[in-house]
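Reader: Could you help me learn how to read a structure like this one? I would like to go feature by feature.

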Amino acid sequence: MAVEGGAKCVKYLLFFFNFIFWLAGLALIIIGVVVQVKLNKSILITDFEASGAPIVIIAVGVIIFFIAFFGCCGAWKESYCLVTTFAVLLTLIFLVEIAAAIAGYVFKDKVTMYLEKGFEEAMKNYTTVAESRDAVDEMQKMFKCCGSHNSTSWQFYFRNSSVPDSCCKNETAGCGKSPKLEDLNSEGCIGVIDKWIKNNVLIVAGVALGIAFFQILGIIFACLLMKGIRSGYEVM
């Protein structure tokens, strides 16, 4: 028996909000990938504690992406079983997101430490390991920085005050050989990336709160639709 009255309105609202969930899942995937690429680029960070939160965000995004489709089917077919399963899964996802947020807060101060450790190791292997060289060059170009703290960080690995060409403001072949300080990016990569993290925390938090709000609404609408479907069964 099809739901009627207010329950029918809830049905279409739930269908609409599942589309929002689909977009939310896509947003989480994008955010997780961006953070993972920025902080875990190549081999610079290998500690799970530092990269665990972005991985969880991506996983949650993928799950929400598929659960949204699952919820649409349940609402459209008015299946009590499907809608109940949808509500339970969405609640579990909400709890996982809270756990990821707590983990991100707990380990936020350790990210810089892990990054510095990984970056210093990559600098040490710059001339001998191609992967380290490519990773460092890409980081220095991406963030327009030089060395872990500044250009002098390279004095332990290069002679005659030379630095990688990727340190140059205007990169050309050989520009890093005995360069003038004014021709180099002055800021160290650790400090620049730390600033990037702090500048983007509020954006990520805002998106996460928005997604959580819609998830709570989805859970409420699912419960209301479950009640409407059950009432229809009882009338029959």
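Author: Gladly! Keep in mind that this is a predicted model. Let us start with a backbone angle: just after α4, Lys144 has a positive phi of about 50 degrees.

Reader: Which residues in α4 are buried?

Author: Buried means under 20% relative accessible area. In α4 that group is made up of Ser132, Ala135, Val136, Asp137, Met139, Gln140 and Phe143.

Reader: How many salt bridges are there?

Author: To find one, look for a side-chain nitrogen of Lys or Arg within 4 Å of a carboxyl oxygen of Asp or Glu. That rule gives 2 salt bridges. One of them joins Glu171 and Lys141, with 3.9 Å between the closest N and O atoms. Because Lys141 sits in helix α4 and Glu171 in the loop between α4 and α5 (189–235), this pair ties together parts 30 residues apart in sequence. Lys141 is partly exposed, at 46% relative accessibility, and Glu171 is partly exposed too, at 43%.

Reader: Which side chain does Glu187 meet in a salt bridge?

Author: Its partner is Lys195, at 2.9 Å from N to O. Glu187 has 39% relative accessibility, so it counts as partly exposed. Lys195, at 47%, also counts as partly exposed.

Methods. Residues numbered from 1 in each chain as written. Predicted model: local features only at pLDDT ≥ 70, side-chain atom pairs only at ≥ 80, totals over all residues. Heavy atoms only, no water. Buried < 20%, exposed > 50% of the residue type's maximum accessible area, 1.4 Å probe, protein only. Helix = DSSP H or I, 4+ residues; strand = E, 2+ residues; numbered from the N terminus.
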